[in-house]
Amino acid sequence: AGYPVATNHDRRLLLSPREREVFELLRNGLTNREIAKLLYIEQSTVKVHAHHIYDKLGVRSRSALTVQAALERSVQATSAMDETLEAGGSSDA
């Protein structure tokens, strides 16, 4: 259908382009009203996209998406620090 096949590693590949936009805005803590205004869609449409996102990613709520985003940012920050240290950098700020 034109969408890549998702693996267990990144279920975000299941999202449509519009769902990806909504997903990123949800993860950044925007409300349905704010998302609707930014994307020029109705709040009810945002809700539909959000429920499709939850179903496709296997989460049950906006809170779960937020926690997932925080964990991913933590892993990315740790990986970046590890790469800096491996390259001979310092962890001092």
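In this predicted model, lysine 56 and glutamate 19 pair up through their side chains in a salt bridge, with N to O at 2.7 Å. This pair ties together distant parts of the chain: lysine 56 sits in helix α3 and glutamate 19 in helix α1, 37 residues apart.

Another one joins glutamate 21 to arginine 18, whose closest N and O atoms are 2.8 Å apart. Here both residues belong to helix α1 and are three residues apart, about one turn of the helix. Glutamate 21 is partly exposed at 38% relative accessibility, and arginine 18 is partly exposed at 28%. Arginine 12 and aspartate 10 also meet side chain to side chain in a salt bridge, 2.9 Å from N to O. Arginine 12 has a relative accessible area of 28%, which makes it partly exposed; aspartate 10, at 25%, is partly exposed too. These two residues are part of a salt-bridge network that links Asp10, Arg12, Arg27 and Glu72.

Now for the nonpolar side of things. In soluble globular proteins, nonpolar side chains tend to be buried together. The largest nonpolar core in this model has 17 residues, and Val22, Leu26, Ile35, Ile53 and Leu65 have the most contacts inside it. Helices α1 (17–27), α2 and α3 each put in at least two residues, with α3 giving the most, five residues. Setting aside neighbours within four places in sequence, isoleucine 53 touches Leu15, Glu19, Val22, Phe23, Leu26 and Leu65. Glu19 in that list is the salt-bridge partner of lysine 56.

Helix packing comes next. The axes of α2 (residues 32–39) and α3 (residues 43–57) come within 8 Å and cross at roughly 105°. Angles of 65 to 115 degrees count as roughly perpendicular, so α2 is roughly perpendicular to α3. On the α2 side the contact involves Asn32, Arg33, Ile35 and Ala36, and on the α3 side Gln43, Val46 and Lys47. Sorted by class, that gives three nonpolar, two polar and two charged residues.

Asparagine 32 of helix α2 deserves a line of its own. Its relative accessibility is 14%, so asparagine 32 counts as buried. Beyond neighbours within four places in sequence, asparagine 32 contacts Leu26, Gln43, Val46, Lys47 and Arg62.

Notes. Residues numbered from 1 in each chain as written. Predicted model: local features only at pLDDT ≥ 70, side-chain atom pairs only at ≥ 80, totals over all residues. Heavy atoms only, no water. Axes fitted to C-alpha atoms, helices over the stretch in contact; angles between N-to-C directions. Helix = DSSP H or I, 4+ residues; strand = E, 2+ residues; numbered from the N terminus. Parallel < 35°, antiparallel > 145°, perpendicular 65-115°, else oblique. Contact = heavy atoms within 4.5 Å. Nonpolar A, V, L, I, M, F, W, Y, C, P; charged D, E, K, R; others polar. Core = buried A, V, L, I, M, F, W, Y, C linked by side-chain atoms within 4.5 Å. Buried < 20%, exposed > 50% of the residue type's maximum accessible area, 1.4 Å probe, protein only. Salt bridge = Lys/Arg side-chain N within 4 Å of Asp/Glu carboxyl O.
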